[in-house]
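User: I am new to this structure and would like to go through it in questions and answers. Please give the cut-offs behind each term as it comes up.

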Amino acid sequence: MRSHARIGFVLLLTPLVLWLGLLIVIPHIDMLLISLRERISFGVYETSTAQYQKALTEPLYLRTFWRTAVMSVLATGITLLIAFPVAYYIAKMAKGRLQQVLFMFCLIPFYVSELVRTFGWMILLRETGIVSNLLQWTGLADQPVEMLYNDAAMMVGLVYTSMLFMVVPLVTTLESLDDSVIEAGYDLGGGGFSVLREIIIPHAMPGIVSGCIVVFMLSLGNYLTPTMLGGKDSLWFTEMIYNQFIVRSNWELGAAFGFMLLVLSSVIVWGMLRLTGRTLQETMG
Amino acid sequence: MTKIFMTTTCLAVLGLAQAASADTLRLLTWGGYAPDEVVEMFEEQTGHTVEVTKSNNEEMIAKLRATGGGGFDLAQPSQDRIMGPQMEFGIYKPIDVSKLNQDLFIPSMLKATMENTTVNGEVYGVPHVWGTSGLVMNTAEAGEVVKDYTDLCASDVAGKVSYRLKRPTLIGFAFAMGEDPFAAYGDEAKYAEIMGKVEAKLIECKANVKTYWGGGDELMNLVRSGEVTAAMAWDTGGWKLNEDNADITFVAPASGALGWIDTFVLPAKGQADDVAYEWINFVMQPEISARITAGAGNFTASAGADEFAEDALKAKYQASFPAEAVDNIKWYPPVPAGLESIEGEVLDRVQAAN
């Protein structure tokens, strides 16, 4: 019996170990080794920290690094602000069928690929696009308006792309909040704002934190949206990694960038958990 | 545990081995260089199968580098991208030119490509498709202003121009500014100096640019919709747009169009060299080459294919390239390693500049 149980355990564990080992641990070790070497001449490499020094001293790389971090945090914040009322309406106000239908509406855009969704935004926002034409037709603008290729367009794309990943955890946590608790809050003389602050937000905190972590990670690692909507000033950190690896054939610097991004995202997630006073265990469990 | 692992590994290896059986040609090429009809004709005639993967120069080299030259049996990088990567990463294997029907090639082009792709006395590439990059513009709106790359920075076309942030732009601007970057290929300090001037110009010019285009389709949309009136692009893009709007066409810039030749190379770990040679001999036949020209819009190094090319395309080519413009084409020499990192930093700084 015991040996059977052990075989079962091993069989169940194997996919996980293979997955983590082959796709995550081994490639990362290789990346780390690549990032720690420097090209001397044709096919000759030496171990050094030159790549990290370069990444940390060149103002351009640092600027892009911080820009990406700040913009991702901003995108996460905006997503939360938009998603919270939506999630609250779906979880608390809408009942029965309407609830399901609204939830489906949030889901439907994700049936098509990210590329198609981004192209959709391009069709809407471009100079000869729908919004521009509409503004001219209504007389609000007398010439074509360019709304694409700037940071605002990029932000719209980022928020739109990650909306669902904020709404789902929020709806789940808000649904578990008993309506009578909210009523009790009002009965005890609380106003709308104090009920929100004292009851609803504390209860939804696990959902908020896990939603924020997912959205932040998605924004930070997004390649398509910043490249397509962002235009000429929008250097995103993932784009720099792609450039180093593919365009410049400089794997060493690209690998160093990759590790910097890994450290950055870990630090910010850790900071977010510390700030909200939660542990990873609570958030995930 | 070990047993399961071994079995899985064996199965995976078997699967991989099967995919690479000798009768399959895994071709790494550009969009349009292996049209479906040509692939079908080849498969019918020889019984081999062809798997086409579409890519571009940088991705081709990155893919081959990642596998040490494996995964593909025939690749088509530009001729200037063969010597450097070969010396650096050893991702190609020498081509046995005697296995090719050399009569099918335009002799001068074959000779030049072979010379440009020779490393340690071994030839690594033979020419296939060639073309130029220059200016694609709406001649009615920008024709008076834009005569050369640097004219893209003129205030008359502000907000209506686009180019790529890639090395052809750096080279083109350098020529238009009166420098000769190709002559400085051997002198890193001189090259860095030229690139410094180009960087300053491109940063100054940035406000004029609507967006830096990435893919051919993106640019076509920008020009077709009229949002962009002048751009730095490939000749075929201009000729394709010319079919929809007679005002839009390709113009060779005053400082000279930049000429490229895409080649055939054998990846170091290719497993179907004989099929690869068969494919090269097949597509270089004049009738087949003419079909590729009709599809991709670019001319090939096949001798005699001109006769089969469409008259419309020939007319466009002649309109864009008067005799003196042909002589003025600047052909890319092989890129020495090291220069690309200078260019990379310049491009990064231009993109990040405000």
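User: In which helix is the place of A:Ile201?
Analyst: This is a predicted model, in which local features need pLDDT of at least 70, side-chain atom pairs count only at pLDDT 80 or more, and totals for chains, interfaces and linings use all residues. Residues are numbered from 1 along each chain as its sequence is written, while chains are lettered from A and ligands numbered from 1 in the order in which they are written. Helices (H or I, at least four residues) and strands (E, at least two) are DSSP runs numbered from the N terminus. On that numbering, A:Ile201 has its place in helix 9 of chain A.

User: Does A:Ile201 count as buried or exposed?
Analyst: A residue is buried if 20 or more other C-beta atoms, placed from the backbone, lie within 10 Å of its own, exposed if 12 or fewer, and partly exposed in between. Because A:Ile201 has 12 C-beta neighbours inside 10 Å, its class is exposed.

User: How are helix 9 and helix 12 of chain A oriented to each other?
Analyst: Axes are lines fitted to C-alpha atoms, for helices over the stretch in contact, and angles run from 0 to 180 degrees between N-to-C directions. Helix 9 (residues 192–220) and helix 12 (residues 251–276) of chain A pack at an angle of about 160°, with their axes 11 Å apart. Angles under 35 degrees count as roughly parallel, over 145 as roughly antiparallel, 65 to 115 as roughly perpendicular and the rest as oblique. Helix 9 and helix 12 of chain A are therefore roughly antiparallel.

User: How many residues of the contact of helix 9 with helix 12 of chain A are nonpolar, polar and charged?
Analyst: Two residues are in contact if their C-beta atoms, placed from the backbone, lie within 7 Å; here the contact is made by residues including A:Met205, A:Val209 and A:Phe216 of helix 9 and A:Ile268, A:Met272 and A:Thr276 of helix 12 of chain A. Ala, Val, Leu, Ile, Met, Phe, Trp, Tyr, Cys and Pro count as nonpolar, Asp, Glu, Lys and Arg as charged, and the others, Gly among them, as polar. The residues of this contact divide into 11 nonpolar, 2 polar and no charged.

User: Where in chain A does A:Tyr149 lie, given its positive phi?
Analyst: Most residues other than glycine have a negative phi. A:Tyr149 is not a glycine, yet its phi is positive, about 60°. A:Tyr149 is buried, with 22 other C-beta atoms within 10 Å, and it lies in the loop between helix 6 (130–138) and helix 7 (151–175) of chain A.

User: Which elements give two or more residues to the side of chain A that touches chain B?
Analyst: In this interface, 22 residues of chain A are in contact with 27 residues of chain B. The elements that give two or more residues to the side of chain A are helix 1 (2–35), helix 3 (59–93) and helix 11 (237–247) of chain A.

User: What is the radius of gyration of chain B, and what does the globule rule give?
Analyst: Chain B holds 15 helices and 15 strands. The radius of gyration is taken over C-alpha atoms, and the globule rule is 2.2 Å times the number of residues to the power 0.38. For the 354 residues of chain B the two values are close, so chain B is as compact as a globular protein of that length: a radius of gyration of 21 Å, against 20 Å from the rule.

User: How are helix 9 and helix 10 of chain B oriented to each other?
Analyst: Helix 9 (residues 216–224) and helix 10 (residues 235–244) of chain B pack at an angle of about 40°, with their axes 11 Å apart. B:Gly216, B:Leu219, B:Met220, B:Val223 and B:Arg224 in helix 9 meet B:Gly237, B:Leu241 and B:Asp244 in helix 10 of chain B. Helix 9 and helix 10 of chain B are therefore oblique.

User: Which residues of helix 10 of chain B are buried?
Analyst: The buried residues of helix 10 of chain B pack against several elements, among them strand 7 (126–138), helix 9 and helix 13 (311–320) of chain B. The buried residues are B:Asp235, B:Thr236, B:Gly237, B:Gly238, B:Trp239 and B:Leu241.

User: What share of the residues of chain A count as buried?
Analyst: The secondary structure of chain A comes to 13 helices and 2 strands. Of the 285 residues of chain A, the share that count as buried is 28%.
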